[in-house]
Amino acid sequence: MFSRRSIKMKLYSLTKRQFVLVFVVFFTCIAACAIIGLAGPSVITSNVQSMKSVLPLNQSLSSTVFKIDSGSLSTFSQQLWLTCLIKLNGVKEEVTFKYKFHINVKILYEASDNSHKPLSPHFFNHTRETVCSYLGCDEFVVFHLGYLDYHSYLAIVSLSNLDFLPKGVTLDDVVFTFSHYSVSFSEVEIWFRFVFVVLTFMVSCIYANSLRRFPFRDWSIEQRWMSVLLPMLLLFNDPIFPLHFLVKSWVPGMFESMFRALFLAAILLFWLCAFHGIRVSERHLFGFYMPKILLVGLVGISAFTLTTWQQYNELRDPAYQSKLDISNFTGFKIFFFIITSIYLVYLIYLVAKAYTEIKGLPYFDIRLKFLTALMVVVVVVSFIFVMLRYGRTVLQNNFIAELETTYKNTAEFLMFYGLLNFYLYTMSFVYSPARNALYDSFFKDNPSMSMINDSDEEIYRKKVNSRTSLTSDD
């Protein structure tokens with residue numbers, strides 16, 4: 001079998017103490033992001049308006065057209081939600097029921113002459129359904145604006161069928177809430193995105209410079225993938241993010257969703273290729289890469305469709321809700337979960353196969369353990385992050401809040417971006433060439449040609465002897 005040379009990575013030169021130190025630094029950076037985030041500002045600023053407190057005593061809530069003012073907004077507010085909470089009296093403790101009604105919405109903006117002009121000449125008509133119990137009703141989204149063209153908005157909302165309530169239950173109050181990103185959080189987001197963009201650019205340049213002395217054919221599969229993932233990480237950090245505040249358009253938001261989907265798809269493809277490629281030396285385009293690209297491509301396309309479906313329809317109708325478009329939306333959702341399940345089964349199979357075939361082989365064993373350990377950390381933290389997102393009640397009735405991240409606090413934002421950034425930084429350090437890689441190429445990137453007679457202690461003894469010879473030569 002053909003034996004391919006491989007560049008000696010820092011991973012092979014690290015002592016056990018240094019190996020542990022790498023993970024300590026990684027977790028320390030993630031913890032620092034969490035601590036900084038906990039001290040940061042709140043993400044969402046809300047303006048709560050109770051209709052019961054502003055209406056005359058002789059006027060019924062069920063027959064009133066409500067006018068809700070968003071107040072003054074800035075470009076740093078980014079997006080705008082209007083949510084509604086219906087409060088009832090007389091609901092018994094054991095009773096839970098669905099409350100369906102019609103809602104008409106008209107959105108006006110404040111022009112330069114302080115007059116209000118409509119975004120659209122007609123009302124947006126929709127049916128809403130909320131679940132009510134003795135604890136209260138679920139809050140629902142009235143409309144959502146993905147970007148802000150103007151500094152103030154006025155919503156005219158009418159609710160019908162509010163009188164059709166179970167026996168003994170009465171309408172107590174209708175509470176509207178305008179929510180948008182806080183100015184302080186937007187400023188923090190700009191600065192930290194800028195920091196991550198600069199760090200990623202520096203790491204990418206250092207990593208590329210460390211490998212430029214070696215022919216591409218000698219790069220290991222991890223080193224090749226790092227040369228792809230680092231530029232993708234640069235896009236994931238969104239270097240054009242300031243355009244959100246300079247350009248009043250949906251285009252920057254579309255690019256952000258696209259960059260995020262491409263990077264996450266690249267990470268998924270890297271895991272498949274790394275766990276499969278670590279145990280084979282021949283990796284042909286059609287036999288090795290194409291099935292994986294097809295599978296990950298289907299995951300990425302379906303996820304991107306789900307996240308942009310809501311945004312596309314909101315451009316035409318801000319009161320649109322994807323969960324009401326069941327006929328077109330359920331199919332995408334089912335397809336996404338089926339493809340994701342296939343991916344997980346395939347990844348678990350490749351991990352198990354790799355451990356069965358090459359576990360215990362010198363050098364391959366440490367590559368496999370390091371790759372698995374970091375992947376497990378990222379998957380576990382990401383899973384916890386997703387579970388927190390699905391546990392939200394505010395803004396979650398809109399499906400965009402389930403797939404796109406609406407952070408509760410700054411810590412979640414920094415944890416999300418810090419986790420993926422430091423994950424790539426750690427791998428770029430460990431997979432970069434060792435100091436003596438130019439003249440110490442004793443490793444062959446082929447499991448069948450590995451030094452199977454060497455023990456771990458002999459490997460570490462070689463590392464010590466190598467360092468000693470370097471010192472004496474100096």
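Predicted model: local features only at pLDDT ≥ 70, side-chain atom pairs only at ≥ 80, totals over all residues.
An open sheet is formed by four strands, which follow one another in the order 1-10-3-8 with antiparallel pairing. Strand 1 (44–50) and strand 8 (140–145) are the edge strands, each of them pairing on one side only. On average, neighbouring strands of this sheet are turned by 20° against each other, direction ignored.

Within the sheet, ten bridges link strand 3 (residues 80–89) to strand 10 (residues 170–181) in the antiparallel sense. Ile 86 stands opposite Val 174, a residue of strand 10.

**The nonpolar patch**

On the surface, a nonpolar patch is made up of Trp 191, Phe 194, Val 195, Val 198, Leu 199, Phe 201, Met 202 and Ile 206. Together these residues have about 810 Å² of accessible area. One of them, Met 202, belongs to helix 3 (residues 183–211).

**Two residues and their accessibility**

Ser 70 is located in the loop between strand 2 (65–69) and strand 3. A polar atom of the Ser 70 side chain lies 2.8 Å from the backbone nitrogen of Tyr 153. The table lists the relative accessibility of Ser 70 and Met 202.

| Residue | Relative accessibility | Class |
|---|---|---|
| Ser 70 | 6% | buried |
| Met 202 | 45% | partly exposed |

Ser 70 counts as buried because its relative accessibility is 6%, and buried means under 20%. Met 202 has a relative accessibility of 45% and therefore counts as partly exposed, the class between buried and exposed, where exposed means over 50%.

Conventions. Residues numbered from 1 in each chain as written. Heavy atoms only, no water. Pairing = 2+ DSSP bridges. Helix = DSSP H or I, 4+ residues; strand = E, 2+ residues; numbered from the N terminus. Axes fitted to C-alpha atoms, helices over the stretch in contact; angles between N-to-C directions. Patch = residues over 30% accessible without salt bridge, like charges linked within 9 Å, V, L, I, M, F, W, Y side chains within 5 Å. Areas by Shrake-Rupley, 256 points an atom, 1.4 Å probe, with all protein chains shown as cover. Salt bridge = Lys/Arg side-chain N within 4 Å of Asp/Glu carboxyl O. Buried < 20%, exposed > 50% of the residue type's maximum accessible area, 1.4 Å probe, protein only. Polar contact = N/O pair within 3.5 Å; in protein donor to acceptor, adjacent residues only side chain to side chain.
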